[in-house]
Amino acid sequence: MTIIVKLFGPLSRAAGSAQLPVACQAGRATCAAVRASLAAAEPRLAGFLPACRFAVNHAFVGEDHEIAPGDEVALIGMTSGG
Amino acid sequence: MQAIAVGIHEGALPAKAPDCLADCAGALVSFEGIVRPFEEGRAIVALDYEVYEPMATRLLQEYAAEELRCHKLVGITVEHSRGRVAVGQTSFRLQVSAPHRQPALAAMGHFIDTMKRSVPIWKRPIHLRALAAVLAGGKATRMDGRAKGLLPTPDGPILGRLLQQLAAAGIHDDVIVANDPSPYIGLAKPILSDLRPPVGPLGGIEAALQHAGSGYDAVVIMPCDLPNVTADEICALLSAYVGNPARIVMAATAEGDHPLCAIVPPSALEHVVAAIEREDFSVVRLWRALGAFKVSIADSSRLQNINTPDDLAAWQEIR
């Protein structure tokens with residue numbers, strides 16, 4: 001299945017896009033797998049990835065979290081609000 | 001007042017009196033985050049905030065609920081901007097009310113720390129596009145006609161030293177305004193000449209403003225003969241300017257106004273041209289007529305200039 005990963009701030013500027021599609025095998029679409037695919041698909045994100053967390057449906061999740069079809073997936077890097 | 005209220009607003013947050021509180025609150029702590037004039041050493045005009053809104057709202061509500069529970073608060077209100085917020089405007093406001101001050105203060109600090117770590121909001125600085133125009137067009141008659149910008153200082157020629165201070169204040173685009181370019185060619189900066197027969201510094205300012213055109217938000221005017229000015233004074237002028245970029249700012253010390261140490265919007269060109277055409281060549285009179293804001297420089301020696309060989313000798317002795 002294809003997972004659309006939302007990007008923001010420095011990540012979206014580095015990738016030149018506010019979202020990236022990532023192909024994952026159904027049943028194995030963990031955040032860790034998406035992270036590995038992202039690193040391969042978009043080398044410009046590589047330097048950011050170690051400091052990034054995944055959010056699924058607006059909540060932070062761990063690397064083992066499995067993404068279901070229809071989930072909203074976002075890659076959240078260092079934030080700077082406030 | 002609702003116990004928890006969270007809002008993301010477009011642009012700067014409007015000024016607001018504290019919310020009325022429930023009867024049992026004996027303490028209200030209100031914090032406003034205001035856009036500073038500098039980010040990482042460079043003057044900015046604004047911050048652009050990007051917010052992943054559904055998640056930011058959800059997390060702010062969760063964190064607010066946590067503070068409410070842990071600190072037994074009466075209420076907590078959180079507001080944050082999205083989009084562009086100019087320098088000096090409010091982009092974040094947090095109000096915490098509690099029966100007593102200790103829990104209100106503790107919740108305030110803890111909430112902000114938590115929020116900064118993880119709420120998906122990003123800021124991007126919009127830098128001030130500033131051009132420095134160093135005026136070196138004087139005839140230096142009192143200096144025996146020597147090119148004043150090349151007078152020696154321990155940090156190199158006086159004009160080169162000034163360019164270093166401008167760079168330290170985050171300004172890297174410079175022009176030198178000199179009707180005789182030959183002494184300054186080695187500095188490898190663009191050199192402008194007056195656009196008309198010399199009328200004094202106002203003619204140089206005219207050339208600089210015309211050169212800046214629409215490519216810059218500000219022209220930072222400095223005379224070439226200041227051996228003591230530092231990035232601190234330049235930053236003080238920049239800070240005043242970015243709070244109101246349409247307004248001229250000029251330095252002032254106890255000894256008087258320094259109209260040639262000023263920051264001017266390129267749009268002032270029409271007023272400069274009009275003053276020259278009516279043969280009113282006083283820079284200070286023009287800046288005052290245009291409502292210039294004065295920035296007080298406490299240490300007047302920072303804006304001391306060198307006009308004569310005696311000035312130079314006295315300055316070198318002090319050094």
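What follows is a short chat about a strand, an interface and some salt bridges.

Mentor: Ground rules: this is a predicted model, where local features need pLDDT of at least 70, side-chain atom pairs count only at pLDDT 80 or more, and totals for chains, interfaces and linings use all residues. Residues are numbered from 1 along each chain as its sequence is written, chains are lettered from A and ligands numbered from 1 in the order written, and side-chain values use heavy atoms, with hydrogens and water left out.

Trainee: How many residues of strand E4 of chain B are buried?

Mentor: Strands are DSSP runs of E, at least two residues, numbered from the N terminus. Buried means under 20% relative accessible area, exposed over 50%, and partly exposed in between (1.4 Å probe, protein chains only). E4(B) covers residues 42-51 and is mostly covered, and of its 10 residues the buried ones number eight.

Trainee: Which residue stands opposite B:Asp48 in E7(B)?

Mentor: Two strands pair if DSSP finds at least two bridges between them. E4(B) and E7(B) (residues 121-127) run antiparallel, joined by seven bridges. Facing B:Asp48 across that pairing is B:Arg124.

Trainee: Which residues of chain B lose the most area to chain A?

Mentor: Buried area is the accessible area (1.4 Å probe) that two parts lose on being put together, summed over both. Between chain B and chain A that comes to about 1700 Å², with carbon and sulfur atoms giving 57%. On the chain B side, 39% of what is buried comes from three residues together: B:Tyr52, B:Met55 and B:Trp122.

Trainee: How many salt bridges cross the interface of chain B and chain A?

Mentor: A salt bridge is a side-chain nitrogen of Lys or Arg within 4 Å of a carboxyl oxygen of Asp or Glu. Over all chains that rule gives 21. Across the interface of chain B and chain A, though, the count is zero.

Trainee: How many residues apart in sequence are the parts tied together by B:Glu32 and B:Arg93?

Mentor: Their side chains meet in a salt bridge at 2.8 Å, N to O. B:Glu32 sits in strand E2 and B:Arg93 in strand E6 of chain B, so the pair ties together parts that are 61 residues apart.

Conventions. Helix = DSSP H or I, 4+ residues; strand = E, 2+ residues; numbered from the N terminus.
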